[in-house]
Amino acid sequence: MMNDPHSELNGLGWSAWFEQKTTCQATETVARVAAVDRDLLLLVDQAGPFRAKLAGSYLHRHHLAQEMPCVGDWVCLEKQPGDDFGVVHALLERRTSLRRKSAGNAIEYQMIAANVDYVVIVQSCHFDFNLKRLERYLVMVLDGGAEPYILLTKTDLVDPAVLAAQLADIHSAGITAPVVTLSNVTQDGVDEFRRLLVPGKTYCFVGSSGVGKSTLINRLIGLERLETKAVSGTGEGRHTTVRRELIRLDGGALVIDNPGMREFGVVGAEDGMAGSYSDIAALASRCRYRDCSHAGEPGCAVLAAVQSGEISREHFENYLKLTEESEFYQMSYADRRKKDRDFGKYIKSAKKDLKDD
Ligand SMILES: Nc1nc2c(ncn2[C@@H]2O[C@H](COP(=O)(O)OP(=O)(O)OP(=O)(O)O)[C@@H](O)[C@H]2O)c(=O)[nH]1
Ligand SMILES: [Mg+2]
Ligand SMILES: [Zn+2]
């Protein structure tokens, strides 16, 4: 047995792997990043959660996005006894990373989360299911060294035959990652999913906005802790979650909620695509859902225009290809853009959830 002076952190995801990599000085302690707001951090250690900031010297020496702490990171910090505010001096090496290449930048990555054991790729079987997107997520997960789970939600909204066809699609694409299906409305499958969660392991939930990530995590917590979309119709639509955060469940597993990926259609207006696709952007503003993906939703003005021949199918498909790429590479763009809520207020509520009592 290896002597691990930090074993009291095991419940937060610590393991011998990190002990071997620790570069912390004797005067420093170790904690895990539960949430980040620029250079302000919410950390958690065996004593519970507390606030910290990044040392100025760290900011001087590190400039790439992936060098900044992200949710799930382990950090070395200095904290005076009795002090409830820490100063972070270093990041520990990451065992796994969930990250995306920044568009048009060869050396920079956008970090989604670090030291995640399992990434739960969530798609709703109602309108959101997309095999190509699923495959890109799988590549991202495997590239970062974590293990994937595929989770199809909203099974209450589709015919069992539709769900069966999606499962068959996944299977015939040669995807071997475990697939779980559930409904947050009927609770069908929720307990089965809960039983998969292993104490001390970290699960990161990713997927489009509105697929039910926060709703499920709330069920797992047993509290309406995370903000979810007000129940209105089927819930497809705009982003609700704006912050990545690490939450400990009663059963001992650690979960990270994420804001949804940017949706199709919004990207064009802001990313220089508006010029060549301004016709589609203009039509998109008349779709029933503000963040319509033009993939078959009711009241889609873009698809109607394709059907009537007002815009050519080829032009539309090129647009989809482009938006899908930018959507994928800019997952955190929307949440960066989103006005951040008061971090202090958030920390108060988060502190309750991370308390070890
Ligand atoms: N019918 C049905 N609705 C669901 C289900 N799960 C979630 N919803 C609804 O879908 C909407 C979106 O759920 P959220 O949990 O906020 O979705 P999210 O994935 O966290 O979305 P973002 O935070 O924007 O990324 C809400 O109105 C939920 O009530 C489900 O299994 N079935
Ligand atoms: Mg959410
Ligand atoms: Zn549309």
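I take helices (H or I, at least four residues) and strands (E, at least two) as DSSP runs, numbered from the N terminus. I am working on a predicted model, in which local features need pLDDT of at least 70 and side-chain atom pairs count only at pLDDT 80 or more, while totals for chains, interfaces and linings use all residues. Residues are numbered from 1 along each chain as its sequence is written, and chains are lettered from A and ligands numbered from 1 in the order in which they are written.

**Entry 1, Leu-197.** I looked up Leu-197 and found this residue in the loop between α5 (190–196) and β11 (202–206). Leu-197 counts as partly exposed because 17 C-beta neighbours lie inside 10 Å, where buried requires 20 or more other C-beta atoms within 10 Å, exposed means 12 or fewer, partly exposed is in between, and C-beta atoms are placed from the backbone. Taking contact as C-beta atoms, placed from the backbone, within 7 Å, and setting aside neighbours within four places in sequence, I list Tyr-203, Leu-249, Gly-251 and Ala-253 as the contacts of Leu-197. I also noted that Gly-252, 55 residues away from Leu-197 in sequence, is 8.5 Å away in space, C-alpha to C-alpha.

I then turned to the nonpolar cores, each a set of buried Ala, Val, Leu, Ile, Met, Phe, Trp, Tyr and Cys residues joined through C-beta atoms within 7 Å. The largest has 62 residues, and Leu-43, Val-75, Val-119 and Cys-204 touch the most other members. Strand β1 (residues 29–37) gives this core its largest share, 6 residues. At least three residues come from each of domain 1 (7–91) and domain 2 (117–261), with bounds from an automatic or database domain assignment. Another core of 12 residues lies apart from it, and includes Ala-284, Cys-300, Val-302 and Ala-305. For Cys-204, beyond neighbours within four places in sequence, I found contacts including Leu-98, Val-119 and Ile-256.

I traced a closed barrel of 5 strands, in the order β1-β2-β3-β5-β4, with mixed pairing, where strands pair if DSSP finds at least two bridges between them. β1 and strand β2 (residues 40–45) are antiparallel over 5 bridges, and I noted Val-44 in β2 as the bridge partner of Arg-32.

I placed Leu-320 in helix α10 (residues 313–329). Leu-320 is partly exposed, since 17 other C-beta atoms lie within 10 Å. Ser-293 is 27 residues from Leu-320 in sequence and 8.9 Å from it in space, C-alpha to C-alpha.

Key
Two residues are in contact if their C-beta atoms, placed from the backbone, lie within 7 Å.
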